[in-house]
Protein chains: 2
Amino acid sequence: MCKILNLGLLAVLTAVAFPAVADARDAEDAIEYRQSVYKAIKWHMDPMAAMVKGDIEYDAISLTRHAQNVHALSGMLLEGFVPGSDMGAHAGTTGARSEIWERWGEFEEKMSTLNEQSQALVIASTSGDLRGNIRPAFAELGQACKSCHDEFRERR
Amino acid sequence: MCKILNLGLLAVLTAVAFPAVADARDAEDAIEYRQSVYKAIKWHMDPMAAMVKGDIEYDAISLTRHAQNVHALSGMLLEGFVPGSDMGAHAGTTGARSEIWERWGEFEEKMSTLNEQSQALVIASTSGDLRGNIRPAFAELGQACKSCHDEFRERR
């Protein structure tokens, strides 16, 4: 990963050539970026789902940490949806429907809901009440995922 | 991504079957997870490098946001290095040397340095002083990346 980072460091220190990064990021990079963020979200969602379901033991610290990470990651998604990175232009790579950009305000709102529900799960997680607080907050968060996928993601 | 999330939600709501997540995460999932986090870090490092170098215009808010994201992501890396996910067991997939697990304390320390240096960059970024504060803090952060890669990552 840090080949470019190292180049960046060298550039800072010795002013060697460093590839310019345009303001508008490359669509393929953006797709890879947002898919990476989604994968990281999944990594943190899975053990929370398992705890809520009772498949693995509830660990309060671990659950809060996972919820915090999902919250941080959720705030990183939107910038990955650069114009021109829809499934029409990049079939086989992404399932992002063109409706995202046609109804950007609605998409942005769903992302805000994800951000808010993940924050709500962080708060709920600090109660230590798995059944009364955490489970419903986790269900709301899952609903925020589903609501956006149903509308804007093509099933592949 | 949220196929499993949706199943998780269903599991919460209707108690249908949901695959158990073991405490010890699967090595291949862990490799994919940590590589995703590294990719997301790179996405946020690139524009900061370009600003520091002067290839794109310095944008204070954007730089702080990228630094905050790198900081948040840096704290997510360590858990992706589960035992048995080294390049010996997973050649072609990862360049993580077995030395990571043989000298875990040293590796953990380098991850802490990354976390601290990214935090330092967040703080430096709020000064708005690109040349005097941000550039040196960015160089230190790049050095933290490089130091770990030199020691623990196989060049591929």
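In this predicted model, the charged end of Arg25(A) sits over the ring of Trp43(B), at 3.6 Å from the ring's centre, and Arg25(B) lies over the face of Trp43(A), with 3.6 Å to the centre of that ring.

Two of them are set out in the table.

| Aromatic pair | Geometry | Centre to centre | Angle between planes |
|---|---|---|---|
| Trp104(A) and Phe107(A) | tilted | 5.5 Å | 45 degrees |
| Tyr38(B) and Phe81(B) | edge-to-face | 6.4 Å | 80 degrees |

Trp104(A) and Phe107(A) are three residues apart in helix H5 of chain A, residues 104-125, which means that about one helical turn separates them. Trp104(A) is partly exposed, at 26% relative accessibility, whereas Phe107(A), with a relative accessible area of 1%, is buried. Both residues also belong to one aromatic cluster, whose members include Tyr38(A), Phe81(A), Trp101(A) and Phe152(A).

In the other pair, Tyr38(B) lies in helix H2 of chain B while Phe81(B) lies in the loop between H3 and helix H4 of chain B, so the pair ties together parts that are 43 residues apart in sequence. Tyr38(B) counts as buried at 16% relative accessibility, and Phe81(B) counts as buried at 6%.

Turning to helix H2 of chain A, which covers residues 27-53, we find Ser36(A) within it. Ser36(A) is buried, with a relative accessible area of 3%, and its side chain reaches the backbone oxygen of Glu32(A) at 2.8 Å. When neighbours within four places in sequence are left aside, Ser36(A) is in contact with Ser36(B) and Lys39(B).

Helix H3 of chain B, residues 60-74, has 15 residues and spans 21 Å from its first C-alpha to its last, which is close to the 21 Å expected at 1.5 Å a residue. At its start, a side-chain oxygen of Asp59(B) comes to within 3.1 Å of the backbone nitrogen of Ile61(B). Among the buried residues of H3(B) are Leu63(B), His66(B), Val70(B) and Leu73(B), and the buried residues of this helix pack against helix H3 of chain A as well as helices H2, H5 and H6 of chain B.

As for confidence, the model scores ipTM 0.85 and pTM 0.85. Chain A has a mean pLDDT of 88, and 84% of its residues reach 70 or more. Over residues 1-23 of chain A, however, the pLDDT is below 50, although this stretch has 47 contacts in the model beyond near neighbours in sequence. Where pLDDT is low, the predicted coordinates should not be read in detail.

Technical notes: Residues are numbered from 1 along each chain as its sequence is written. Chains are lettered from A and ligands numbered from 1 in the order in which they are written. Side-chain values use heavy atoms; hydrogens and water are left out. Helices (H or I, at least four residues) and strands (E, at least two) are DSSP runs, numbered from the N terminus. Buried means under 20% relative accessible area, exposed over 50%, partly exposed in between (1.4 Å probe, protein chains only). A polar contact is a pair of N or O atoms within 3.5 Å; within protein, one must be able to donate a hydrogen and the other to accept it, and residues adjacent in sequence count only if both atoms are side-chain atoms. Contact means heavy atoms within 4.5 Å. The expected span of a helix is 1.5 Å times one less than its number of residues. pLDDT is the predictor's confidence in each residue, from 0 to 100. Rings of Phe, Tyr and Trp (its six-membered ring) pair if their centres lie within 6.5 Å; planes under 30 degrees apart count as stacked, over 60 as edge-to-face and the rest as tilted. A charge sits over a ring if NZ of Lys or CZ of Arg is within 6 Å of the ring centre and within 35 degrees of the ring normal.
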